[in-house]
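Take a first walk through this model. Keep the sequence and the 3D view side by side.

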Amino acid sequence: MEIIKKYFPQLTDTQEQQMAALGVLYPEWNSKINVISRKDIDNLYEHHVLHSLAIAKILRFSSGTSILDAGTGGGFPGIPLAIMFPDCQFTLIDSIGKKIKVAQEIASAIGLENVTCKQLRLEEEKGKYDFVVSRAVMPLPELVKLVRKNIGKEQHNALPNGLICLKGGELYNETRPFKNIAEVIALSEFFTEEYFKTKKAVYMPL
């Protein structure tokens, strides 16, 4: 939890309590339904919560922004972002029912009223959103093809509506089809921990 306060010192008391509760709830749920690898649960805050919050360093969503978390798994990046932006609406979807159950139960347990969880494949999601966020769900060309239909036209933010996805490793081939519009951001710009040396985000207006 200290690592979150290090990079986001402006959290309200409520946000701090909600962030702190994740450290109890995720290990508890993970012992029943595996959403984070067993050996990685000890790194929950650095590898999952802080990683998700890199998106908050790229863009501070304006009040009223609607965000779709595509392939949320157990709630990343959607739940940490929903804590960070209580005035925005988050829809978390995943095709695997038990993973969505974990996200739903955790969102309810910490009192997040700005989160809707749905068991759905990305192809089936018809809603319009300002942004789609995701964490290493699928190769970029495939993801762009599926989410283009979900980006609304009305603009509310400092960046044009589009896709922000968290990725690791070599992205040259994935971003090549979009080389004129995709912006690759190294997360080591924001976070000094070793883990983030190879982590990146891709922002693409759609």
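Contact here means heavy atoms within 4.5 Å. The model is predicted, so to speak of a local feature takes pLDDT of at least 70, and side-chain atom pairs count only at pLDDT 80 or more, while totals for chains, interfaces and linings use all residues. Residues are numbered from 1 along each chain as its sequence is written, and side-chain values use heavy atoms, with hydrogens and water left out.

Begin with Asn30. Asn30 sits in helix H2, which spans residues 13-30. Helices (H or I, at least four residues) and strands (E, at least two) are DSSP runs, numbered from the N terminus. Not counting residues up to four places away in sequence, Asn30 touches Val35, Ile36, Arg38 and Ile41. Asn30 counts as buried because its relative accessibility is 2%. A polar atom of the Asn30 side chain lies 2.7 Å from the backbone oxygen of Ile36.

Now move to Ile36 itself. Ile36 lies in the loop between H2 and H3. Its relative accessible area is 2%, so Ile36 is buried. Leaving aside neighbours within four places in sequence, Ile36 is in contact with Tyr26, Asn30, Ile41, Leu44, His48 and Phe76. Tyr26 is 10 residues from Ile36 along the chain, and their C-alpha atoms are separated by 8.5 Å.

Helix H3 comes next. H3 covers residues 44-58, and Ser52 lies in it. Is Ser52 buried or exposed? Ser52 is buried, because its relative accessible area is 0%. A polar atom of the Ser52 side chain lies 2.7 Å from the backbone oxygen of His48. Beyond residues up to four places away in sequence, Ser52 touches Phe76, Pro77, Pro80, Leu81, Arg135 and Leu166.

What about the nonpolar interior? In soluble globular proteins, nonpolar side chains tend to be buried together. A nonpolar core is a set of buried Ala, Val, Leu, Ile, Met, Phe, Trp, Tyr and Cys residues joined through side-chain atoms within 4.5 Å. The largest such core has 55 residues, of which Ile4, Leu22, Tyr26 and Ile79 touch the most other members. H3 gives the most to this core, with nine residues. Apart from it lies another core, of 20 residues, among them Leu143, Leu146, Cys165 and Met204. Back at Ile4, the contacts, leaving aside neighbours within four places in sequence, are Leu11, Met19, Tyr45, Val49, Leu50 and Leu53.

Turn to strand S1, residues 66-70, where Asp69 is found. Asp69 counts as buried because its relative accessibility is 0%. The side chains of Asp69 and Thr72 are joined by a polar contact of 2.6 Å. A polar contact is a pair of N or O atoms within 3.5 Å; within protein, one must be able to donate a hydrogen and the other to accept it, and residues adjacent in sequence count only if both atoms are side-chain atoms. Leaving aside neighbours within four places in sequence, Asp69 is in contact with residues including Gly75, Phe76, Pro77, Thr91 and Val133.

Pro77 sits in the loop between S1 and helix H4 (78-84). The peptide bond from Phe76 to Pro77 is cis, with omega near 5°.

By class, the lining of the largest pocket has 11 nonpolar, six polar and five charged residues. Ala, Val, Leu, Ile, Met, Phe, Trp, Tyr, Cys and Pro count as nonpolar, Asp, Glu, Lys and Arg as charged, and the others, Gly among them, as polar.

Finish at two partly exposed sites. Glu142, in helix H6 (residues 140-147), is partly exposed because its relative accessible area is 42%. Thr198 is found in the loop between strand S6 (183-186) and strand S7 (199-205). Its relative accessibility is 48%, so Thr198 counts as partly exposed. Leaving aside neighbours within four places in sequence, Thr198 is in contact with Lys167, Gly168 and Gly169.

Definitions and conventions: Buried means under 20% relative accessible area, exposed over 50%, partly exposed in between (1.4 Å probe, protein chains only).
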